[in-house]
Amino acid sequence: MQSAVSNALVALIRDFFQVIILLGVVFFMNWKLAMFSFIVLPVAAFPIVKFGRIFRKLSTSTQEEIANVSNLLHETITGNRIVKAFCKEQYEGNRFFNQVSVLFAITIKDARYRCMQHPLMEYIGGVAIALIIWFGGREVIGGNSTPGTFFAFLTALIAAYDPVKGVTRINSTIQQGLAAATRVFDLLDMEPEIQDRKNAKELPEFTSLIEFNNISFSYDDTTPILQDINLQVPAGEALAIVGPSGGGKTTLTNLIPRFLDLKEGRIVIDGLDIRDITIRSLRNQVAMVTQQTILFNDTIKNNIAYGNQEATDEQISDAARAAHALGFIEKLPDGFNTVIGESGERLSGGERQRISIARAILNDAPILILDEATSALDTESEREVQKALENLMKNRTTFVIAHRLSTIKNADRIIVVKNGRIVEIGTHDELLALEGEYELLYNMQYK
Ligand SMILES: Nc1ncnc2c1ncn2[C@@H]1O[C@H](COP(=O)(O)OP(=O)(O)O)[C@@H](O)[C@H]1O
Ligand SMILES: [Mg+2]
């Protein structure tokens with residue numbers, strides 16, 4: 001796009017005006033002869049248009065294939081440990097070779113058309129000039145024109161030939177730019193699926209109740225993932241969500257910050273349907289800690305302060321202390337200013353998790369979602385993280401998809417989600433007394 005807009009556009013305008021002015025001169029000198037030379041114009045325009053289409057199509061494929069190549073590179077380079085562990089170097093090498101071959105074939109095709117365009121234009125130009133010399137020469141011999149006018153005419157016409165060629169050459173750059181612009185604007189014009197409604201209100205500080213009313217949800221409109229969910233969670237409650245994997249626990253919690261939108265049922269916070277409030281004010285009140293910790297290649301300090309960039313150093317270190325992260329951070333060579341590498345690769349799993357908990361603590365949102373925040377950890381760091389989570393859950397409304405029994409036991413209420421339905425609800429002791437799903441899960445996992 002850049003070269004189409006800067007270089008090509010300038011060259012195009014220059015060549016275009018040269019052609020126009022020189023043609024004016026040509027007409028002024030001998031309009032009959034000029035008309036004759038115009039017969040060749042449509043012949044010359046045909047390959048310009050035809051090649052333009054080909055170039056645009058090829059350019060779109062080139063850009064797509066370059067994207068595929070860089071995706072593949074990114075995937076295999078960041079996943080290089082797995083590639084090595086499974087001895088797949090050869091396999092990945094072949095995969096890359098095949099991907100690059102596709103790009104190579106398109107590039108060669110593009111070069112071939114480019115090379116064809118040039119002699120074709122020369123050929124058309126040569127034939128045109130020959131015809132004009134033949135016709136003009138007859139005029140001179142017949143006495144209808146002087147040799148002087150004819151040569152002046154010919155000079156102007158030949159001078160016009162170069163800019164015409166220039167226009168055709170630039171054509172391929174312009175077509176490339178257009179192809180790129182099409183791809184860019186396709187993306188820019190995409191409407192986000194989840195948007196603020198007109199007249200959406202700000203959500204005031206959450207104080208009393210989150211309600212799930214008759215919620216059913218499906219990703220593809222055919223397979224129901226959640227069905228008939230009815231639930232009321234008062235402010236300050238710690239609600240544990242348990243159940244078999246694939247039951248819909250993550251989906252249920254993703255509905256709260258509107259990562260997914262409901263078609264059936266409503267979620268109401270303090271009397272306001274979440275679709276009637278601004279996404280920003282809603283998400284400002286929700287903090288999340290998930291199983292996959294998402295950290296940025298930046299300092300520890302900036303990672304912790306991600307949700308609250310005005311935080312003072314003292315607040316950041318308090319959050320780190322509450323997250324049981326201060327100990328290991330202080331042992332690092334640069335302390336809070338240590339850069340943690342791409343997605344935190346220089347930290348252990350437990351350390352990463354505690355940084356993301358410190359981030360949630362500092363964010364200080366009243367609603368907290370913990371999605372298996374400890375399930376990927378070893379017992380030692382899990383104990384640390386567990387203590388950090390308990391600090392985080394204080395004075396907040398928490399949805400905790402739990403994996404550890406102690407978290408579940410400490411929760412005010414537990415719901416068991418199975419096949420998209422809430423099948424049991426109550427405290428630990430109540431649910432055990434039911435001798436149902438919860439007891440089954442409990443016996444399987446903890447006994
Ligand atoms: N983005 C998605 N698109 C389609 N199906 C999904 C998506 N995410 C999850 N699912 C499906 O929804 C079901 C519930 O998933 P999930 O809420 O992640 O369960 P849980 O957290 O209880 O393990 C699963 O069958 C899963 O395959
Ligand atoms: Mg899940």
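**Reading the strands and what surrounds them**

Guide: Four strands form an open sheet, in the order β2-β1-β4-β5, with antiparallel pairing. β2 (226-234) and β5 (272-273) are at its edges with a single partner strand each, so one side of each has no neighbour in the sheet. This is a predicted model: local features need pLDDT of at least 70, side-chain atom pairs count only at pLDDT 80 or more, and totals for chains, interfaces and linings use all residues. Residues are numbered from 1 along each chain as its sequence is written, while chains are lettered from A and ligands numbered from 1 in the order in which they are written.

Visitor: What counts as a strand, and when do two strands pair?

Guide: Helices (H or I, at least four residues) and strands (E, at least two) are DSSP runs, numbered from the N terminus. Two strands pair if DSSP finds at least two bridges between them. Take strand β1 (residues 209-217) and strand β4 (residues 264-269): five bridges join them, and they run antiparallel. Glu211 stands opposite Val268 in β4.

Visitor: Which strands does β3 pair with in the parallel sense?

Guide: Strand β3 (residues 238-242) pairs with strand β9 (residues 413-418) in the parallel sense, over four bridges. There, Ala240 stands opposite Ile414. β3 also runs parallel to β8, joined by four bridges. Ile241 has Ile401 as its bridge partner in β8. Strand β7 (residues 367-371) pairs with β8 too, in the parallel sense over five bridges.

Visitor: How many residues lie between β9 and β10 in their hairpin?

Guide: Two residues lie between them, and Asn419 in the turn has a positive phi of about 45 degrees. β9 and strand β10 (residues 421-426) are antiparallel, with five bridges. Ile415 has Ile425 as its partner in β10.

Visitor: How do I tell whether a residue is buried or exposed?

Guide: Count neighbours. A residue is buried if 20 or more other C-beta atoms lie within 10 Å of its own, exposed if 12 or fewer, and partly exposed in between; C-beta atoms are placed from the backbone. In a regular strand the side chains alternate between the two faces of the sheet. Now look at strand β8 (residues 397-401), where five of five residues are buried. Thr397, Phe399 and Ile401 lie on one side, with Thr398 and Val400 on the other.

Visitor: Why is Gln386 called partly exposed?

Guide: Because 18 other C-beta atoms lie within 10 Å of Gln386. Gln386 lies in helix α13 (residues 379-393). Two residues are in contact if their C-beta atoms, placed from the backbone, lie within 7 Å. By that test, not counting residues up to four places away in sequence, Gln386 touches Thr374, Arg404 and Ser406.

Visitor: What is a nonpolar core, and which residues touch the most other members of the largest one?

Guide: A nonpolar core is a set of buried Ala, Val, Leu, Ile, Met, Phe, Trp, Tyr and Cys residues joined through C-beta atoms within 7 Å. The largest here has 66 residues, and Ala240, Ile241, Ile357 and Ala358 touch the most other members. Helix α12 (residues 349-363) gives the most to this core, with six residues. A second, separate core has 15 residues, including Ile132 and Leu157.

Visitor: Which residues surround ligand 1?

Guide: A residue is near a molecule or strand if its C-beta atom, placed from the backbone, lies within 6 Å of it. Ligand 1 is surrounded by Tyr219, Ile225, Ser245, Gly246, Gly247, Gly248, Lys249, Thr250 and Thr251.
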